[in-house]
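Subject: Structure for you to look through

Hello,

Here is the structure you will be working with. Please open it beside this message and follow the residues as they come up.

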Amino acid sequence: MGITKASPALLCSTLSFALLPLASAVAQANESEPSNTSAELDPIVVTATLGPRTVGESLSSVTVIDEEEIREKSPNEFQDLLQGQPGVWVKSNGSFGKNTSVYTRGTKNASTLFLVDGIRMHSATAGGASWQFFPPELVQRVEIVRGPKSSLYGADALGGVIQAFTLDPKEDGTGWVEAGAGNFNTQKTAAGVGGVFGDTRVSLSGVHRETDGTAVVTDGDDKGFRNTAGVGRVAHEFDNGGEASVLMFQSEGNTEFQGGETDFMLRALGAKLDAPVTDYWRQSIQFSESRDETETPVYGSEFNTRTRTARWVNTLTVDVHELALGAETMTDVVEGTTAFDETSRTNTALFGQLRLNFGPSDVQLSLRGDDNEAYGTNETGAIAFGHSLDRSHRVRFSYGTAFRAPTFNDLYYPYEKYTYSWGTYEYQGNPDLEAVESESFELGVGGNYRFWFWDMALYQLNVENLIVTRPGSNGVNSPQNVDKARIRGLELQSGLEKNDWKAQVSVSLMDPENRSNSNDLEHRSTQTLRLDISKQLGTWNLGGTVVAANHRYDDEDNEDRLPGYGTLDLRAGWVFAPGWMGKLSVENVFDKERRTATYGSSGNEYYTTAGRTAMLTVRYDFR
């Protein structure tokens, strides 16, 4: 059984024990080296603002997962990179391609916007992204921006934005192949090739993974997963500093769940032009289309959603100040076996951001207006202020408003009655729903030194018009705008790179209160911890990850309590010949059971994730 409750004392003791080997390294770093901002510990990010800025300059709470970290961890699923990161909680109905939700700062899955190279990925019917079908092998970098970003991205960025950047070649004639196998009859093959030919970069990568899987419910049968995915990119740089690029990504396969299976396909197509007009004026335009398609024979259902977007941004620079103005149009289209009352909706928007710099102080102002033919108009804005106390320390404050759009299921789902082993369930959409709205306050302070950094953020999120599904006067369940929520939190994170040691730790404390009944919002752990640590020993790299969380509730009334848990993952990599690397990873070393949600109505059956999972891979990089 797993840990029944991860208390603050447990989190603190786990953290203290894990960091003991690093204490002397930190002390030595502080004593032997002068304080100096490191570019590696304050990387450039593009998701938090309309343009590249360092994490400190972005005036947002940002976590960056770079290519080296992704390759070192070699996660089985993309969401493994996200679990336990500051302010991020992941819930899944089992392991290996099963339904997954990402909660950012206590907000629902549909309130976290997922971008792939700037392309919005989501299901217009369900609302959130299909995180479980996105392979980590094709990812070069991940940026996690916490806090409202609707003033830049519109709907669904109420909790934050997560952007994945796919593989992009940096050298001429590079390539790699990888093969792996593990328990649960898991097999993986992957390969990629890329090159730089004058001013043109070309890359093509693909991966195939399949597994018999493991039980997803208590005492259930094994449920498998099969996935084939690929990404291709062509980018050309012009002499004037501009760039044109084309991207195609696709992931397709089959996943089994308790009671059936689903065939799925994700696709993203995008073309982007970024070019200077004058020395002070730069513009970019992107056309994209994303698809999320599923077919589930046992239900006789097929849901195919398509999102087409055109986005135009103009950036004007005057000395150290910058003004960005843009326009965006987006159309969602739904097809399939369900007869929705409406099958398309268009959203148009105008937005802008002003960035001002006054020596050690920065000010950012942003404003956006969205006009959606389904749920009306929404205006959102944000203001942020940052001040450098000295070369290493910086304080920031921000306020912003945001909104989450009702989904097609929320608005237009036709009346249906479902019969299950535990009873019947009636559901119908509500076309009178309004968008969920929020306001957020954040105060942050951080230190960035030559070999280590730390950051602390306090925030409060006030949410209105929460959409919950409840029985109406006719007894039929339907979405309603009824609840308010207040989510308060504290996020702490720190990282170190010194003497071949690398470590990052994050602690998140949260109070997600449903203001209608003073209960905790369901599915949210209020205390989480993540620790990643690694050591380079010659040709060997040894590392581990600890993730712990306290209990959470699976229902609005806080009657179904799920136990907390703690897991340990270990990994070892060995460069045994030029270009060759072997890697062994063992997740959930102590084989702890992790209950993620209740299943059925009996009260004693649960969705569970896999126990101990081992994977051995061999990779060859060539030039």
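I start with a charge placed over a ring: R105 lies over the face of Y459, at a distance of 4.2 Å from the ring centre. Please keep in mind that this is a predicted model. R105 also takes part in a network of salt bridges, whose other members are R146, R396, E442, D455 and E491. Another case of a charge over a ring is K498, whose charged end sits 4.1 Å from the centre of the ring of F451.

Salt bridges

Side chains of opposite charge can pair when their charged atoms come close. In this model the count of salt bridges comes to 39. One of them is between R233 and D117, where the closest N and O atoms are 3.2 Å apart. This pair links distant parts of the chain, since R233 is in strand 13 (residues 222-237) and D117 is in the loop between strand 6 (112-116) and strand 7, 116 residues apart. Both R233 and D117 are buried.

R470 forms a salt bridge with E556, and here the closest N and O atoms are 2.3 Å apart. The two residues are again from distant parts of the chain, 86 residues apart: R470 belongs to strand 26 (residues 452-471), while E556 is in the loop between strand 32 (552-553) and strand 33 (561-562). Are these two residues buried or partly exposed? R470 has a relative accessibility of 24%, so it counts as partly exposed. E556 has a relative accessible area of 21%, so E556 is partly exposed as well.

A further salt bridge joins R595 to E593, with 3.1 Å between the closest N and O atoms. E593 is partly exposed, with a relative accessible area of 28%.

Aromatic pairs

The count of aromatic pairs comes to 24. W89 and Y565 form one that is tilted, with 6.2 Å from centre to centre and 50 degrees between the planes. W89 is in strand 4 (residues 88-92) and Y565 is in strand 34 (residues 565-577), so that this pair links parts of the chain 476 residues apart. Both W89 and Y565 are buried.

How are the rings of F133 and F264 arranged? Their centres are 3.7 Å apart and their planes are at 0 degrees, so the pair is stacked. This pair, too, links distant parts of the chain: F133 is in the loop between strand 7 and strand 8, and F264 is in strand 15 (residues 260-276), 131 residues away. F133 is buried, at a relative accessible area of 4%. F264 counts as buried because its relative accessibility is 5%, and buried means under 20%.

Ring pairs also link several residues into a cluster, made up of F303, F340, F408, Y412, Y413 and Y427.

Strands of a sheet pair through backbone hydrogen bonds, either parallel or antiparallel. Strand 3 and strand 8 (residues 139-146) run antiparallel and are joined by five bridges. Within this pair of strands, T63 stands opposite I144 in strand 8.

Two single residues

T174 is in strand 10 (residues 174-182). T174 is buried, with a relative accessible area of 18%. Leaving aside neighbours within four places in sequence, T174 is in contact with P169, V193, G194, F622 and R623.

K73 is in helix 2 (residues 67-73). K73 is buried, with a relative accessible area of 11%. The side chains of K73 and E69 are joined by a polar contact of 2.9 Å. Not counting residues up to four places away in sequence, K73 touches L81, R530, D532, T545 and R571.

Regards

Definitions and conventions
Residues numbered from 1 in each chain as written. Predicted model: local features only at pLDDT ≥ 70, side-chain atom pairs only at ≥ 80, totals over all residues. Heavy atoms only, no water. Helix = DSSP H or I, 4+ residues; strand = E, 2+ residues; numbered from the N terminus. Buried < 20%, exposed > 50% of the residue type's maximum accessible area, 1.4 Å probe, protein only. Contact = heavy atoms within 4.5 Å. Pairing = 2+ DSSP bridges. Phe/Tyr/Trp six-rings, centres within 6.5 Å; stacked < 30°, edge-to-face > 60°. Lys NZ or Arg CZ within 6 Å of the ring centre and 35° of its normal. Salt bridge = Lys/Arg side-chain N within 4 Å of Asp/Glu carboxyl O. Polar contact = N/O pair within 3.5 Å; in protein donor to acceptor, adjacent residues only side chain to side chain.
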